[in-house]
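Here is a friendly tour of the aromatic side chains in this protein. Have the model open as you read, and follow the rings along with the text.

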Amino acid sequence: MAAAATSTSRRLLTLAAGVFFLAVCLLQAAEGTRYTVGGADGWRVPPPEAKDRYYSDWASNFTFYVDDSIEFVYKNDSAVIRVSKAGYYHCNESTPDAPPPPPPRDGTTLFVLDAPGPAYFASADQARCAMGERLMLDVLAAAAAAPGPWAPSPGPSAQHHHSAAATAAPSSVVILALAAAGRFV
């Protein structure tokens, strides 16, 4: 009788561990990818000869989706703000009564890309924005979940490339968690 109770307890514990693993994986799969703007160089005024393409060249290496985030890491710089299209192109995103930009400092600013379409960012210092410290991204709707193992693989034209580390699709996670739970029961 005690052996049967121990066996049942082990099965319940294994099942609970599998459910916990599944929940953690699903939460991780729901989060987007985090990108550091400018890579190792961070957020800075680009070289004068590259001011019009510096950050667009950086962004062209990635595909951005809703729920991804972008982190601006800066040293001795002003804050980063999200701006309108006009604010991006004219570096004038402020009102006449706006206070001057904060003094330069080290810091980080994180933005979550929460809607599809263009997203514009610029230095809060209009002079630095005019020197090329600004970023425009094209954000795509959330990436579709990968098909389950039983679905046929799509042709090359239907595939998309997510440039950062791959995230497990929820259906794959469910299968893995159930397989793991079944293995130990």
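Y88 is buried, because its relative accessible area is 11% and the cut-off for buried is under 20%. Please keep in mind that this is a predicted model, so treat each value as computed from it.

The charged end of R134 sits over the ring of Y88, at 4.9 Å from the ring centre. What about Y89? With a relative accessible area of 44%, Y89 is partly exposed.

Searching the whole structure turns up 13 aromatic pairs. A pair of aromatic rings is described by the distance of the centres and the angle of the planes. Two of the pairs are set out here:

| Pair | Centre to centre | Angle between planes | Geometry |
|---|---|---|---|
| F72 and F111 | 5.8 Å | 90 degrees | edge-to-face |
| Y88 and Y89 | 4.9 Å | 85 degrees | edge-to-face |

Which parts of the chain does the pair of F72 and F111 link? F72 belongs to strand β3 (residues 69-77) and F111 to strand β5 (residues 105-112), so the pair links distant parts of the chain, 39 residues apart.

Note on methods. Residues numbered from 1 in each chain as written. Predicted model: local features only at pLDDT ≥ 70, side-chain atom pairs only at ≥ 80, totals over all residues. Heavy atoms only, no water. Phe/Tyr/Trp six-rings, centres within 6.5 Å; stacked < 30°, edge-to-face > 60°. Helix = DSSP H or I, 4+ residues; strand = E, 2+ residues; numbered from the N terminus. Buried < 20%, exposed > 50% of the residue type's maximum accessible area, 1.4 Å probe, protein only. Lys NZ or Arg CZ within 6 Å of the ring centre and 35° of its normal.
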